[in-house]
Amino acid sequence: MKLTGRTVLITGGSSGIGLELAGALLARGNVVIVTGRSESALEAARLRHPGLHASKSDVANENSILDLYQTLTTRFPALDVLINNAGIMRALRLGDDRPLTDVTQEVDIDLSGPIRMVQQFLPHLRTRSNPMIVNVSSGLAFVPFTISPIYSAAKAGLHAYTRCLREQLRNTPVRVVEVAPPLTETPLFASEFKQHMPGQSGMPVDVLVRHIISGIEAGRDEVRPGQSNVLKIASRLAPGFIFKQLSKVGAT
Ligand SMILES: NC(=O)c1ccc[n+]([C@@H]2O[C@H](COP(=O)([O-])OP(=O)(O)OC[C@H]3O[C@@H](n4cnc5c(N)ncnc54)[C@H](OP(=O)(O)O)[C@@H]3O)[C@@H](O)[C@H]2O)c1
């Protein structure tokens, strides 16, 4: 399946993986709309990629999703690809003083966000001839990362949800793909995790995006570049060992 001539919505497309993917899909002749919460980041994305459409929207807010749906299905009725990429990731210590509304942020954005987006956009996608939903999880969907417990839980949940969604839609034209990136050089990694992983670098974001596009075009259900594939295999062959290895990060 070629990723050209499509109308693609990418949540969280103002930075990192989403922004790089938006640029690559634009260059391949797709109409691309990106979302995010920060107006200034969306404006910067538009300046970087002329022709990119941007709409302020928060996947953790139901009214914001409803507004986005009304706007996009009116302006871009040919919308046929939804990429649920928006996400946050924090290192946090369980039991530290933290408001109850704050502790579940990764669940609200990284797990409930895609679930809400699919719920809202699926009826529209089903009106298209060759629709696709892409959920961006993580290699950490397969092995939890102790310093990011809520993120790990959210991404494991997204993996389970995506498998069920694919199965429920199996006899329909809607294709469901999971992209599980490995550690990737983006602001998300730089802001919180680089300090815990001295000397380690992630996959360059342009390389990741090439893997994503070629994996989708090759018809894969799960795109797991680099270390993500290693984590999936290790989670089957040596689950205790690999979990302990990942738990050493940030343990001191
Ligand atoms: N980088 C990695 O190592 C890595 C590895 C595995 C998986 N991933 C996954 O890849 C995805 C992209 O990550 P990234 O590294 O590119 O991060 P990033 O550079 O921090 O970009 C995250 C994007 O999501 C948007 N976003 C955050 N919360 C949002 C919300 N509530 N509603 C709408 N947009 C929101 C951000 O914009 P605003 O803040 O303006 O809303 C931004 O555009 C995430 O799902 C992440 O979990 C990343």
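Two strands count as paired if DSSP finds at least two bridges between them. Within this pair, Thr7 stands opposite Val31 in β2.

I noted that this is a predicted model, in which local features need pLDDT of at least 70 and side-chain atom pairs count only at pLDDT 80 or more, while totals for chains, interfaces and linings use all residues. Residues are numbered from 1 along each chain as its sequence is written, and side-chain values use heavy atoms, with hydrogens and water left out.

I then followed β2 (residues 31-36) to β3 (residues 53-56), and found the two paired in the parallel sense over four bridges, with Val34 opposite Ala54 in β3. Together with helix α2 (residues 39-48), β2 and β3 make a right-handed β-α-β unit (with the strands pointing away from the viewer, the path from the first strand over the helix to the second runs clockwise).

I traced the whole sheet next: seven strands form an open sheet with parallel pairing, in the order β3-β2-β1-β4-β5-β6-β7. Because β3 and β7 (222-223) stand at the edges with a single partner strand each, one side of each is left without a neighbour in the sheet.

Last, I looked up the ligand, which has 29 residues around it, and Ser14, Ser15, Arg37, Tyr151 and Thr186 come nearest (a residue is near if one of its heavy atoms lies within 4 Å). I listed polar contacts, pairs of N or O atoms within 3.5 Å: a polar side-chain atom of Arg37 lies 2.7 Å from a ligand oxygen atom, an N or O atom in the side chain of Thr186 is 2.5 Å from an oxygen atom of the ligand, and a polar backbone atom of Asn85 is 2.8 Å from a ligand oxygen atom.

Methods:
Polar contact = N/O pair within 3.5 Å; in protein donor to acceptor, adjacent residues only side chain to side chain.
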